[in-house]
Amino acid sequence: MVVLLLAISAHEAAHAWMSYKFGDDTARLLGRITLNPVAHTDPIGTLLIPIAGFVIGHMSGPGVNIPLIGWGKPTPVNPLRWRNKDLANVMVSIAGILANLTIASFALITLKVLMRAGIFSGTTQLSGLSEPLWMLLTQMLLLNVSLAVFNLLPIPPLDGSKVLWTLLPESMKPALEALERFGFLILLVVMQMGILDVIFRPVVRVIVFLLYL
């Protein structure tokens, strides 16, 4: 949860910062360009969904442990103040994803450097301070990549739906607007049906491959 709070805070702060760079200071004036999790915590997306995902994952039996996922309190933006609105919408939407991938890249590089230096010789041989450090960095890598992939899903209120809005022709946008009313329910169904499991299993395999490459 500590790593998840950092990941979500960086994600939402990146949205606020990118919106400010395109001319909208709404989020900046509300103090959202910060890593302080208090400014970004959403009762449902930051607390309920991750806890529900943890419970469902443990009830589903043995297998790959699906990482906690969630989202923060929506970052307020005013699209009317953006310069180049279509580009701004895409960049502001993916800013959080890029922030998570940046943190994940830092964690991956740090892990590989420490493994090459002999600090980590394998998960079964960790001791002392190396064990919590290993846990911190691996969770930082796994959770941030997972959060980035999760937010790419084109389901409101996730970032993928906002990018999709820009790419869709005008005739199809009303359908996406109608979908927004059921976004939360769709996410619960996706979690319950194990669809996230199908999505995250190959992601975990890719992460493990890169880590031990």
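Is Phe54 buried, partly exposed or exposed? Phe54 counts as partly exposed, because its relative accessibility is 47%, and this value, like the others below, is computed from a predicted model. The protein has nine helices and zero strands, so that its elements, read from the N terminus, run α-α-α-α-α-α-α-α-α. With a radius of gyration of 18 Å, close to the 17 Å that the globule rule gives for 213 residues, the protein is as compact as a globular protein of that length.

**Overall dimensions and surface**

- The C-alpha trace of the protein spans about 55 × 35 × 30 Å along its principal axes, and buried residues make up 41% of the 213 residues.

- Phe54 has its place in helix H3, which covers residues 43–59, and together with Met1, Leu47, Ile51, Val55 and Met59 it makes a nonpolar surface patch of about 600 Å².
- Thr46 is also found in helix H3, but this residue is buried, since its relative accessible area is 1%.
- A polar atom of the Thr46 side chain lies 2.8 Å from the backbone nitrogen of Asp42.
- When neighbours within four places in sequence are left aside, Thr46 is in contact with Met1, Leu4, Leu5, Ile8, His40, Thr41, Trp71 and Gly72.

**Salt bridges**

- Side chains of opposite charge can pair when their charged atoms come close, and a search of the whole structure finds three salt bridges.
- Asp25 forms a salt bridge with Arg81, with the closest N and O atoms 2.8 Å apart; because Asp25 lies in the loop between helix H1 (2–21) and helix H2 (26–29), and Arg81 in the loop between H3 and H4, the pair ties together parts that are 56 residues apart in sequence.
- Within this pair, Asp25 is buried with a relative accessible area of 17%, whereas Arg81 is partly exposed with a relative accessible area of 41%.
- Glu170 forms a salt bridge with Lys173, where the closest N and O atoms are 3.0 Å apart; Glu170 counts as exposed at 60% relative accessibility, while Lys173 is buried with a relative accessible area of 10%.
- Asp197 forms a salt bridge with Arg201, the closest N and O atoms being 2.6 Å apart, and these two residues are separated by about one helical turn because they are four residues apart in helix H9.
- Asp197 counts as partly exposed at 22% relative accessibility, and Arg201 likewise counts as partly exposed at 26%.

**Ile199 in helix H9**

- Ile199 lies in helix H9, which covers residues 195–211, and is partly exposed with a relative accessible area of 24%.
- Not counting residues up to four places away in sequence, Ile199 touches Val149 and Leu153.
- Ile199 and Gly183 are 16 residues apart in sequence, and their C-alpha atoms are 18 Å apart in space.

**Backbone features in loops**

- Most residues other than glycine have a negative phi, and most peptide bonds are trans.
- Asn84, although it is not a glycine, has a positive phi of about 50 degrees, and its place is in the loop between H3 and helix H4 (85–116).
- Pro156 and Pro157 are joined by a cis peptide bond with an omega of about 5 degrees, and Pro157 has its place in the loop between helix H5 (130–151) and helix H6 (159–167).

Note on methods
Residues are numbered from 1 along each chain as its sequence is written. This is a predicted model: local features need pLDDT of at least 70, side-chain atom pairs count only at pLDDT 80 or more; totals for chains, interfaces and linings use all residues. Side-chain values use heavy atoms; hydrogens and water are left out. Patches are made of residues with over 30% relative accessible area and no salt bridge: like charges are joined within 9 Å, nonpolar side chains (Val, Leu, Ile, Met, Phe, Trp, Tyr) within 5 Å. Accessible areas come from the Shrake-Rupley method with a 1.4 Å probe; for residues, only the protein chains shown count as cover. A salt bridge is a side-chain nitrogen of Lys or Arg within 4 Å of a carboxyl oxygen of Asp or Glu. Buried means under 20% relative accessible area, exposed over 50%, partly exposed in between (1.4 Å probe, protein chains only). A polar contact is a pair of N or O atoms within 3.5 Å; within protein, one must be able to donate a hydrogen and the other to accept it, and residues adjacent in sequence count only if both atoms are side-chain atoms. Contact means heavy atoms within 4.5 Å. The radius of gyration is taken over C-alpha atoms; the globule rule is 2.2 Å times the number of residues to the power 0.38.
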